[in-house]
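This report covers the strand arrangement of a protein model and the surroundings of its ligand.

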Amino acid sequence: MTYTSKVLEDLRVRHSHQPEFLQAVEEVLNTLQPLMDKEPKYEKNKILERIVEPERIIQFRVEWIDDKGEIQVNRGYRIQYNSAIGPYKGGLRLHPTVNEGVLRFLGFEQIFKNSLTGTAIGGAKGGSDFDPKGKSETEIMRFCQAFMVQLYRYIGPTIDVPAGDIGVGGREIGYLYGAYKRLTTRYEGILTGKDLNFGGSLARKEATGYGVVYFAAEMLKDRGDSLEGKICAVSGSGNVATYCVEKLYQEGAKPVTISDSRGSIYDPNGINLEVMKQVKEVERASLTRYKELVPEAVYVPVADYPEGKHYVWTVPVDAAFPCATQNEVNLEDARTLLANGCKCVAEGANMPSSIDAINAFLASGIAYGPAKAANAGGVATSQLEMEQNAGMTSWTFEEVDAKLHQIMRNIYRNAAATAEEFGQPGNLVLGANICGFRKVADAMIAQGVI
Ligand code: NDP
């Protein structure tokens, strides 16, 4: 039995109740054996056994009072996964599906993604099973304050710097920041994704979505192609999807779909970005509102669609950008995309494709950009926000965007070069995993058994 399969086998027994975590580890470990064969030091130092284990899991009770005066209780978490190459860094997710297994998967992925950015940040993730949907503004604020009452003692600008994720945008970061400042009396760069008035970075809001498109453009450029004139499917309609759509237009492509948890929009004229922002960023409404404002668009409710199939991936497109959530592209979706002539998939969401869908993309030879490489622009720009905070300065939008663009080019080149090095040109899953892993593993060895 190989070293990677031994470690995987052991985890399967101990984490059988955490399928997303097992899926994320399997995806990484399945690609690392060639490196383990080449460099026995990793097995000798038991790096795999150590790297799959978070340095620390903090779980806490979050209690708050709703608008009716009722006491509410939620579970809060912060998983400080790996600090070998820098302070813990990773988002906070507020969604009813959040549990330890989901955050382990996200935190584990974050280690390699952060390493790939080429900046000095370790991996972490956190959040709560709190559901922001249907909550009033004051309920959101009270929840964020109660969450920070627990979290503040474990974070700091050189310890752990959380950011946003699903359900956590600028508004929530603002409330969390205010609570931290009140509890500590310190004004410091403790969260990223902050408002521009108190230490936020220009282009952070746009960074993940823009970065995914920069990554897709790099993959296509290497194949003598570009996004110009490409018809694209985007899923989701939150932060990542919105700025993916915006950048696709800037690159001359035409995004025709978006979705939310209740349904999907197909707009053959191209997604109306202004309407999308109005509906999602201003009104925080469902996509049925998009249909009201753009009557010629098609709206397909999730309930109308057969179980296990996702409408957005049935629309014939040249390129696909999953930007909603994990496991939103299964094998059948992948086959449909490929049969319809899709030539490029770049992942904005974390782990949007199942392992068999990934294998189908790789086998087809299309340009496939896995999440930890393609969506690393968000955390990379968070690191740029930390740099600006530490230097008590702020850069222009153009400066930050140019740095982001360069980081995405570098990530692509490094992943592609590593895939070549291991004899699998074009396999960016293997390239990204090995490239991200190597730096963290070498740092762990250099720092000793601690
Ligand atoms: P948002 O909360 O802004 O948007 C999430 C979008 O996905 C919404 O349209 C939401 O629909 C939809 N969605 C969420 N859960 C589900 C579900 N279970 N089924 C169907 N649709 C769902 O989050 P972000 O845009 O920030 O994040 C999207 C993805 O990108 C996540 O996987 C996140 O981890 C990843 N990511 C985000 C980064 C960032 O900088 N924000 C950085 C790197 C990765 P609805 O509103 O109806 O719930």
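In what order do the 7 strands of the open sheet lie? The order is β9-β8-β7-β6-β10-β11-β12, and the pairing is mixed. The model is a predicted one.

At the edges of this sheet stand β9 (298–301) and β12 (367–369). Each has a single partner strand, so one side of each is left without a neighbour in the sheet. From one strand to the next, the twist averages 15°. Strand β8 (residues 263–266) and β9 run antiparallel and are joined by 4 bridges. Within that pairing, tyrosine 266 has valine 298 of β9 as its bridge partner.

**The sheet of 5 strands**

Another open sheet, also with mixed pairing, has 5 strands in the order β1-β2-β4-β3-β5. Its edges are β1 (56–65) and β5 (160–163); one side of each is left without a neighbour in the sheet because each has a single partner strand. Neighbouring strands here are turned by 20° against each other on average, with direction ignored.

The pairing of β1 with strand β2 (residues 71–82) is antiparallel and extends over 10 bridges. Glutamate 63 has its bridge partner in β2, namely valine 73. Helix α5 (residues 100–116) packs on this sheet and touches β1, β2, β3 (88–94) and β4 (122–128). The direction of α5 makes about 150° with that of β4.

**The ligand site**

How many residues surround the ligand? There are 23, and the closest are Lys133, Asp165, Thr208, Ser261 and Asn350. By class, the residues of the shell divide into 5 nonpolar, 13 polar and 5 charged.

| Residue | Protein atom | Distance to a ligand oxygen atom |
|---|---|---|
| Arginine 204 | N or O atom in the side chain | 3.0 Å |
| Valine 240 | backbone N or O atom | 2.9 Å |
| Glycine 348 | polar backbone atom | 3.5 Å |

Taken alone, the ligand exposes 890 Å², of which the protein buries 82%. Which elements give two or more residues to the shell around the ligand? They are α8 (204–222) and α9 (239–250).

Terms used
Residues are numbered from 1 along each chain as its sequence is written. This is a predicted model: local features need pLDDT of at least 70, side-chain atom pairs count only at pLDDT 80 or more; totals for chains, interfaces and linings use all residues. Side-chain values use heavy atoms; hydrogens and water are left out. Two strands pair if DSSP finds at least two bridges between them. Axes are lines fitted to C-alpha atoms, for helices over the stretch in contact, and angles run from 0 to 180 degrees between N-to-C directions. Contact means heavy atoms within 4.5 Å. A residue is near a molecule or strand if one of its heavy atoms lies within 4 Å of it. A polar contact is a pair of N or O atoms within 3.5 Å; within protein, one must be able to donate a hydrogen and the other to accept it, and residues adjacent in sequence count only if both atoms are side-chain atoms. Accessible areas come from the Shrake-Rupley method with a 1.4 Å probe; for residues, only the protein chains shown count as cover. Ala, Val, Leu, Ile, Met, Phe, Trp, Tyr, Cys and Pro count as nonpolar, Asp, Glu, Lys and Arg as charged, and the others, Gly among them, as polar.
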